[in-house]
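Welcome! Take a moment to look around before reading on.

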Amino acid sequence: MQTQTVKIVVTGPFNSGKTELIRSVSEIDVVSTEKKVSSEREMVKESTTVAMDFGRITVDDDLVLFLFGTPGQKRFDFMWEILSEGMLGFIVMIDSTRPETFKEARSILETFHAYAPTPYLVAANKQDLPDAWDIDDIRLALRLDKNIKILSCIAKKKSSVKTVLLELLYSILEEMDKNH
Amino acid sequence: MALKGNIRDFSILQLLNLINLATKTGALYVEGPESNSRVVFRDGKLSFAEFSENGKQLLQQLVEHEALSATQVAPIAARHATPNDKEMGIFLLNAGYLSQEQILSTLEQVYADVVRQLFSWQEGFFHFETGELTPVEKIPVRLDLENLIIEGARQTQELEELKSELPSLEMALKFTDRPGMNIRDVNLSVEEWRVVNYVNPKNTIQQIAKATQLNDLEIRRVVYALLQAGLVELVRASGAPAVLPQKMFPTKDPVEQKSLVNRLINKIRSI
C-alpha cells in the first residue's frame with residue numbers, strides 16, 4: 001500500500017522559533033535551507049530560513065506527517081501559497097518577547113488563512129523568558145477571536161511542542177465533527 | 001516605443017512621474033477590472049481626466065463640487081441644454097454665473113479626483129497615446145503633477161501599511177460581543193456608518209466595498225479603524241467554501257480522515 005502523507009505548516013515572523021519547533025519533534029534532522037541574514041533589522045540571529053524547513057514524523061507503515069516551516073522574512077512570502085496547499089492545519093509561531101513582530105504575525109496569520117481556511121492555532125514561543133508577554137495580552141494584541149487557541153510554548157522543549165501539535169489536531173477533529 | 005503594460009507592474013504613480021519628467025503630451029488609457037479611464041496630459045501637466053462610463057457634464061460637475069447650486073442649474077439646463085462643456089462654460093461666463101477661475105479650479109479638482117482614484121487601482125492594462133489632446137468639447141486645465149505625485153506616494157505607502165494589517169478582503173466582519181457597548185454612542189464618520197450598515201458575517205469586505213462604492217484604500221482605511229476601535233472583528237465569510245479544503249487529506253472518506261487524525265494524535269502522544 002502506498003504511504004499516505006499529510007502536512008502541517010509552521011509559520012510566523014522572522015526568528016519566532018519555527019525551525020526550533022520542528023527540530024524538537026522531527027525524527028530526521030531538519031532539512032533546513034538557511035542563509036546568512038542580510039538585513040540589519042533582522043540581525044538578531046545569524047541565519048534565516050529562505051525556502052523552508054522540513055521535518056518528518058512517521059506514524060506507521062502507511063502514514064507520515066510532514067512539518068514544513070515557512071521562511072520568516074516577508075520577501076520570501078511568494079513561498080507561502082505553495083507551502084499552504086493541501087495542509088492539514090497551521091501553527092503561527094510568535095516570539096512572546098518581541099511585540100514589534102506581533103503586527104507581522106497577525107498579517108501572516110490572515111494571509112495563510114486566506115490561502116487555506118484550515119484550522120490553526122497560535123503558539124506563543126519563548127514563554128520561559130522574563131520579557132515574555134502574557135498570553136491574554138498577546139491575544140488582544142493579535143486581535144484573536146476567542147475561539148482561536150493560543151498556547152504557551154517553548155519551542156526547544158519537546159513536551160511543549162507535542163502539546164501544540166496535539167491541540168492543533170484536536171481542533172482539526174472538532175472542525176471535522178462540525179462539517180460532517 | 002509604445003508606452004503600455006499593466007499597472008500591477010508599472011504603477012500609476014510611476015507613470016505620472018515619467019509623464020511629468022518627460023513633459024509628455026498624450027492620453028493615458030487605463031482599463032481596470034470594473035472601470036476604464038482616460039487621462040490627458042499636455043507638456044507633462046494634467047489637462048483632462050474622466051472615467052469613461054460616468055463621463056459627467058460640466059453642470060453636473062459644478063453642482064457636485066458646490067460651485068453652483070441645483071436650484072441655479074435647473075433653469076440653465078432647461079434653456080441651454082448642450083453636451084458641449086466649452087459652450088456651456090462660455091454661457092456661464094457671459095451670464096455671470098461663474099468666473100473663468102471658478103470653472104477652471106473646479107475642473108482641476110474633478111480631474112485630480114479621477115487621478116486620486118486611479119492610485120488605488122492594483123490591476124489594469126494601460127496604454128499611452130502620444131499626442132492625443134483633450135476632446136474638443138471638453139475644457140482643458142493645466143495642473144502641475146508634482147503635488148498629485150506626492151499625494152499618490154503617501155497614498156501608496158498607506159495602502160501598503162493597511163494591506164499588511166488587512167491582507168485579505170475576502171474575510172467578513174461581525175460586531176464584537178462586548179457587553180454594554182452601544183454602537184449608536186460611538187462617533188463614526190459617514191463612510192464608517194455606511195460600512196457598519198453592511199457588517200454581517202455573510203458579507204465579505206470586498207462585497208461591502210462594492211456596495212458602499214469605496215475603493216481598495218478607502219475600505220481598508222474604514223475597516224482598520226473599526227477593528228482598532230474594537231467595534232468589529234474579522235471572521236470567515238459564512239458563504240465561504242467549506243472549512244476543510246478537499247486537498248487536506250489523502251482520502252475523501254470522512255471515516256478514514258478521522259481515523260488518520262486519531263492515528264496522528266496517538267503517535268504524537270507517544271513521541
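## The two chains at a glance

Chain B has 10 helices and seven strands, where helices (H or I, at least four residues) and strands (E, at least two) are DSSP runs, numbered from the N terminus. Of its 271 residues, 25% are buried; a residue is called buried if 20 or more other C-beta atoms lie within 10 Å of its own, exposed if 12 or fewer, and partly exposed in between, with C-beta atoms placed from the backbone. This is a predicted model, in which local features need pLDDT of at least 70 and side-chain atom pairs count only at pLDDT 80 or more, while totals for chains, interfaces and linings use all residues. Residues are numbered from 1 along each chain as its sequence is written, and chains are lettered from A and ligands numbered from 1 in the order in which they are written.

Chain A is built from five helices and seven strands, in the order β-α-β-β-β-α-β-α-β-α-β-α along the sequence. Buried residues account for 42% of its 180 residues. Two residues are in contact if their C-beta atoms, placed from the backbone, lie within 7 Å. Among contacts with a separation of 6 or more, residues 24 or more positions apart supply 70% in chain A and 76% in chain B.

## Where the chains meet

Here 29 residues of chain B are in contact with 34 residues of chain A. On the chain B side, the elements giving two or more residues are helix H6 (146–165), strand S7 (232–236) and helix H10 (254–270). The largest share, 11 residues, comes from H10(B).

By class, this side of chain B has 17 nonpolar, three polar and nine charged residues. In this count Ala, Val, Leu, Ile, Met, Phe, Trp, Tyr, Cys and Pro are nonpolar, Asp, Glu, Lys and Arg are charged, and the others, Gly among them, are polar.

## The nonpolar cores

A nonpolar core is a set of buried Ala, Val, Leu, Ile, Met, Phe, Trp, Tyr and Cys residues joined through C-beta atoms within 7 Å. The largest one has 46 residues, of which A:Ile8, A:Val10, A:Ile91 and A:Val92 touch the most other members. H5(A) gives the most, with six residues.

What is A:Ile91 in contact with, leaving aside its neighbours within four places in sequence? The partners are A:Ile8, A:Val10, A:Tyr120, A:Leu121, A:Ala123, A:Val164 and A:Leu168. A second, separate core of 37 residues includes B:Ile7, B:Ile19, B:Val30 and B:Leu143.

H3(A) has 14 residues and reaches 20 Å from its first C-alpha to its last, close to the 20 Å expected; the expected span is 1.5 Å times one less than the number of residues. Its buried residues are A:Phe102, A:Ala105, A:Arg106, A:Ile108, A:Leu109, A:Phe112 and A:His113. They cover an arc of only 165° around the axis, which puts them on the same side of H3(A); the arc is that of the directions from the helix axis to the C-beta atoms.

In helix H9 (residues 216–228) of chain B, B:Ile219, B:Arg220, B:Val222, B:Val223 and B:Leu226 are buried. These fall within an arc of 165° seen down the axis, so they line one face of H9(B). They pack against H6, strand S6 (171–175), helix H7 (190–196), helix H8 (205–212) and S7 of chain B. After H9(B) comes B:Gly230, with a positive phi near 75°.
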